[in-house]
Amino acid sequence: MGRHRKPPAANVRRSSVIALTGLVPAGLAAVAAASNVGIANETVASVLEHLPGDEQDDQVPRSAAVAEPPATADFVAHTMARQAHATPPVVKTVALPDGRQPAAMTPGPLGVPGVAIAAYQSAEHTLAAENPACGMPWYLLAGIGRVESTHAFGGKADADGNPLTPVYGPVLDGSLSGNNVIHDSDGGTLDGLAGYDRAIGPMQFLPETWKHYAADGNGDGIADPQNLFDAALTAGKYLCDGGLNMHDLAQQSRAILRYNNSMAYVANVMAWATSYSSGVAPQPGQLPRI
């Protein structure tokens, strides 16, 4: 998922596009030492220590026990619906009418929209059954969702997890500094463009990546990259791919790097994930510029 970038320079630039393959920079060797550390906070500290120049910071997220938000009726309903579908989903973006209303669900930790929490929790439970060795926690998916789209622009999605307006990244035609040129891979069927690709949905997948990992997170038989439930489950599958274990913090870092070949990106995702698990908001210094 991550973002398609040119080889990293001294200044890390922000781009919001998902990588087609895992990207492991030389700096990951430094993060590997964190595999024996028992808390995410120390991993974030290790990541921050290896940021270039002015992106370094000596602050780390505070320690706290992981808090599991209570499963809501909406979460249970989506889980039951998903279990009813065992056939491969249809990969497509569903056209929806205008005028839909945002979901009225209780927000989660630090104001995470309720519909997003339901999607992240649902993905965690599905992956716990399908790939228990991965150990994917909901709050890591929430960290990705926060950095990629602020949980679909602050939860602007209906009760089924569909954004009120589609979520798209910039066109990857070479006009945006720091991004690779990605030629069209889907005929515009997912991203609505011909000629070049762009990232799609609240978890920001490239069309080619989506087609490879696409999952149906809400049990409607469709894998729609714009849908929060589908996107969260697909993100989990992508991060877990290759037998990675999210309980091993070095492997977790490697998984996050698939989204963006940037140690600053890893630090941001881990900081938000730690904050969502603890309820303690990150400090500005814990969120280096991407």
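Over which residues does pLDDT stay under 50, and how many contacts beyond four places in sequence does the model have for them? One such stretch is residues 52-68, with 40 contacts of that kind; pLDDT is the predictor's confidence in each residue, from 0 to 100, and contact means heavy atoms within 4.5 Å. This is a predicted model, in which local features need pLDDT of at least 70 and side-chain atom pairs count only at pLDDT 80 or more, while totals for chains, interfaces and linings use all residues. Residues are numbered from 1 along each chain as its sequence is written, and side-chain values use heavy atoms, with hydrogens and water left out.

**Confidence**

- The average pLDDT of the chain is 80, and 70% of the residues score at least 70.
- Residues 76-85 also have pLDDT under 50 throughout, and the model has 18 contacts beyond four places in sequence for them.

**Disulfide**

- The whole structure holds 1 disulfide, defined as a pair of cysteine sulfur atoms within 2.5 Å.
- Cys134 and Cys240 are the partners, with an S to S distance of 1.9 Å.
- Their link is left-handed, at -75° about the S-S bond.
- Distant parts of the chain are linked by this pair, 106 residues apart: Cys134 lies in the loop between helix H4 (114-130) and helix H5 (138-155), and Cys240 in helix H7 (residues 228-240).
- Helices (H or I, at least four residues) and strands (E, at least two) are DSSP runs, numbered from the N terminus.
- Cys134 is buried at a relative accessible area of 1%, and Cys240 is buried at 2%.
- Buried means under 20% relative accessible area, exposed over 50%, and partly exposed in between (1.4 Å probe, protein chains only).

**Aromatic rings**

- There are 8 aromatic pairs, counted where rings of Phe, Tyr and Trp (its six-membered ring) have centres within 6.5 Å; planes under 30 degrees apart count as stacked, over 60 as edge-to-face and the rest as tilted.
- Trp138 and Tyr139 make an edge-to-face pair, 5.8 Å centre to centre with 85° between the planes.
- Trp138 is buried, with a relative accessibility of 0%.
- A cluster linked by ring pairs consists of Phe205, Trp210, Tyr213, Tyr238, Tyr259 and Tyr265.
- Arg198 places its charged end over the ring of Tyr168, 3.8 Å from the ring centre; the rule requires NZ of Lys or CZ of Arg within 6 Å of the ring centre and within 35 degrees of the ring normal.

**Nonpolar core**

- The largest nonpolar core has 54 residues; such a core is a set of buried Ala, Val, Leu, Ile, Met, Phe, Trp, Tyr and Cys residues joined through side-chain atoms within 4.5 Å.
- Two or more residues of this core come from each of H4, H5, helix H6 (207-213), H7, helix H8 (249-257) and helix H9 (263-278).
- Residues with the most contacts inside the core include Tyr120, Met136, Ile144 and Met203.
- Ile144 belongs to helix H5 and is buried, with a relative accessible area of 0%.
- Leaving out residues up to four places away in sequence, Ile144 touches Met203, Leu239, Ile256, Tyr259, Tyr265 and Val269.

**Segment after H9**

- Pro282 lies in the segment after H9 and is buried at 13% relative accessibility.
- Pro282 touches Leu110, Trp272, Ser275 and Leu287, with residues up to four places away in sequence not counted.
- Pro282 and Trp272 are 10 residues apart along the chain, and their C-alpha atoms are separated by 6.7 Å.
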